[in-house]
Amino acid sequence: MPIDVRVEPPRQPEVEDLLRLSDEYALSLYPAESCYLLDVSELERAGVTVFVARVDGRALGIAALVVGEASDSAAPRAELKRMFVHEDARGRGLARLLLSAIERAAADAGVAELRLETGPLQHAAIALYERSGYARIPNFGPYVGDPYSVCYAKALPVPAS
């Protein structure tokens, strides 16, 4: 079962299907106002990179890296968004491979810390993030005050110059 993780455009049928399934999953767990889901047009914006995990050519996992502007000569900020693995492919390590690809890309972009938001009912995702070195942080940005949001961050290695 070869797994290939690479950067791909979000506007393609298989990726859009994963986004739809991700939306359905999130909306089955949380109220709509607590689902901070980027749509295809937002995933096409500058500063957003979409990673797709394929097994035998079939798109079964997605994740996006959103790199923001640097502030006051600080390193750019980045957030992991839209991490999702198709139900048929869970437990095969796709999420771990997607997360590793996102972390490498963020570090290569000079990002010192990668942040993310997930929901308290997503136990497998929380376990993955914690096993991968992410620490719980206070909710940031649009997630402040949302009881259905939990936020994490991880310091990334500085790339060798």
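**View A. D88 is partly exposed, with a relative accessibility of 49%.** The model shown here and in the views below is predicted. R58 is the salt-bridge partner of D88, and 3.7 Å separates their closest N and O atoms. The pair ties together parts that are 30 residues apart in sequence, because R58 lies in strand β3 and D88 in the loop between β4 and α3. R58 counts as partly exposed, at 39% relative accessibility.

**View B. A salt bridge joins R82 and D23.** The closest N and O atoms of this pair are 2.7 Å apart. R82 belongs to strand β4 and D23 to helix α1, so the bridge ties together parts that are 59 residues apart in sequence. Are these residues buried or partly exposed? R82 counts as buried, since its relative accessibility of 8% is under the 20% limit. D23 has 26% relative accessibility and counts as partly exposed.

**View C. D17 and R20 form a salt bridge within helix α1.** The closest N and O atoms lie 2.4 Å apart. The two residues are 3 residues apart in the helix, which means that about one helical turn separates D17 from R20. D17 is partly exposed at 31% relative accessibility, and R20 is partly exposed at 39%.

**View D. A network of salt bridges links D4, R6, E8, E14 and R54.** In general, side chains of opposite charge can pair when their charged atoms come close. The structure holds 11 salt bridges.

**View E. The largest nonpolar core has 29 residues.** Which members touch the most other members of this core? They are L80 and Y129. Two or more residues each come from strands β2 (48–55), β3 (58–67), β4 (78–85), β5 (113–118) and β7 (150–155), and from helices α3 (94–108) and α4 (123–131). Helix α3 gives the most to this core, with 7 residues.

**View F. Y129 is shown with its contacts beyond four places in sequence.** With its neighbours within four places left aside, Y129 is in contact with L80, M83, L99, L116, T118 and Y134. Among these partners is L80, which together with Y129 touches the most other members of the largest nonpolar core.

**View H. The largest pocket has a volume of about 850 Å³.** Its lining is made up of 36 residues. Helices α1 (13–29), α3 and α4 and strands β4 and β5 each give two or more residues to the lining. Which element supplies the largest share of the lining? Strand β4 does, with 7 residues. Sorted by class, the lining has 20 nonpolar residues, 8 polar residues and 8 charged residues.

**View I. M83, F84, Q122, A125 and Y129 are the lining residues nearest the centre of the largest pocket.** M83 is in contact with Y129.

Terms used:
Residues numbered from 1 in each chain as written. Predicted model: local features only at pLDDT ≥ 70, side-chain atom pairs only at ≥ 80, totals over all residues. Heavy atoms only, no water. Core = buried A, V, L, I, M, F, W, Y, C linked by side-chain atoms within 4.5 Å. Buried < 20%, exposed > 50% of the residue type's maximum accessible area, 1.4 Å probe, protein only. Helix = DSSP H or I, 4+ residues; strand = E, 2+ residues; numbered from the N terminus. Contact = heavy atoms within 4.5 Å. 1 Å grid on protein atoms, 1.4 Å probe; cavity = no way out; pocket = protein on both sides within 12 Å on 5 of 7 lines; lining within 4 Å. Points joined across faces, edges and corners; volume = space filled by probe spheres on them. Nonpolar A, V, L, I, M, F, W, Y, C, P; charged D, E, K, R; others polar. Salt bridge = Lys/Arg side-chain N within 4 Å of Asp/Glu carboxyl O.
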